[in-house]
Amino acid sequence: MMEIEEVSNYEALPLLSLNHVSLLCRSVLDSMRFYEEILGFVLIKRPSSFKFNGAWLYNYGIGIHLIENTSIDDFDTIVEPRPINPKDNHISFQCRDVGLVKRRLEDMGMKYVTAVVEDEGNRVDQVFFHDPDGYMIELCNCENIPILPLSSCSFKPRLSSFNRAAPTKCGFMENMMMESLSMDILNISF
């Protein structure tokens, strides 16, 4: 008989919060200006023992560490900037007024893409744009969708089209994950 160890048997690491994000950049000066002027970060002291060009910025409880790498273009085969794609890697920041963000980006001549996420009457507005090195930034009002652990979601298996399942307090993806987990458990037990 096969023994299954549950992930919950392991104690979580003693993590406290996100501390910083490190980004390689072509020009520390251009990137500093972007994160200060557009996103409101503040330049902070960086350890003097570093022997490479960079900068540390801080605000909103997190840091951004910029590391200059002037040879980034040597490895980049894309001549034109990448399209702004909400499904690409990005850093997301919570904001109070997405409309103000869009107006400010328009005033600065910056390209951006918007998206909307809706779930059970809750709406999240998102704005995506690039920093000077092509890293994608998202500003959103994501607090509009509550954070629900999967364990709090009532599992309702999908039924045939003749017999619809009752609505649940969790979304499609959460129900698919719970159904997949249930099927895995059944498969293992036989």
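The legends below describe close-up views of a predicted model.

**View A. The disulfide between Cys 140 and Cys 142 in the predicted model.** The sulfur atoms of Cys 140 and Cys 142 lie 2.2 Å apart and form a disulfide, and the count for the structure comes to 1 disulfide. The link has an angle of -120 degrees about the S-S bond and is left-handed.

View B. Cys 95 is buried, with a relative accessible area of 15%. Cys 25 is likewise buried, and its relative accessible area is 0%.

**View C. The salt bridge between Arg 26 and Asp 133.** A search of the whole structure finds 3 salt bridges, and in one of them the side chains of Arg 26 and Asp 133 meet at 3.1 Å, N to O. This pair links distant parts of the chain, the two residues being 107 residues apart. Arg 26 sits in the loop between strand E1 (20-25) and helix H1 (28-37), while Asp 133 sits in the loop between strand E7 (122-130) and strand E8 (136-140). On the arginine side the residue is partly exposed, as Arg 26 has a relative accessible area of 26%, whereas Asp 133 is buried, with a relative accessible area of 15%.

**View D. The salt bridge between Arg 33 and Asp 30 in helix H1.** The closest N and O atoms of Arg 33 and Asp 30 are 3.7 Å apart, and the two residues form a salt bridge. Because these residues are 3 residues apart in helix H1, about one helical turn separates them. Both partners are partly exposed, with Arg 33 at 38% relative accessibility and Asp 30 at 39%.

**View E. The salt bridge between Arg 123 and Asp 125.** Here Arg 123 forms a salt bridge with Asp 125, and the closest N and O atoms are 3.0 Å apart. Arg 123 is partly exposed, its relative accessible area being 41%.

**View F. Arg 46, a buried arginine without a salt bridge.** Arg 46 belongs to the loop between strand E2 (42-44) and strand E3 (54-59). Although this residue is buried, it has no salt bridge, and the nearest side chain of opposite charge, that of Glu 68, is 9.5 Å away. That distance can be set against the cut-off for a salt bridge, which asks for a side-chain nitrogen of Lys or Arg within 4 Å of a carboxyl oxygen of Asp or Glu. When neighbours within four places in sequence are left aside, the residues in contact with Arg 46 are Phe 52, Asn 53, Gly 54, Ala 55 and Trp 56.

**View G. A nonpolar surface patch formed by Val 42, Ile 44 and Tyr 58.** Val 42, Ile 44 and Tyr 58 form a nonpolar patch on the surface, and together they have about 250 Å² of accessible area. Tyr 58 is located in strand E3, where it is partly exposed, with a relative accessible area of 40%.

Definitions and conventions. Residues numbered from 1 in each chain as written. Predicted model: local features only at pLDDT ≥ 70, side-chain atom pairs only at ≥ 80, totals over all residues. Heavy atoms only, no water. Helix = DSSP H or I, 4+ residues; strand = E, 2+ residues; numbered from the N terminus. Buried < 20%, exposed > 50% of the residue type's maximum accessible area, 1.4 Å probe, protein only. Lys, Arg positive; Asp, Glu negative; His and termini not counted. Contact = heavy atoms within 4.5 Å. Patch = residues over 30% accessible without salt bridge, like charges linked within 9 Å, V, L, I, M, F, W, Y side chains within 5 Å. Areas by Shrake-Rupley, 256 points an atom, 1.4 Å probe, with all protein chains shown as cover. Disulfide = S-S within 2.5 Å.
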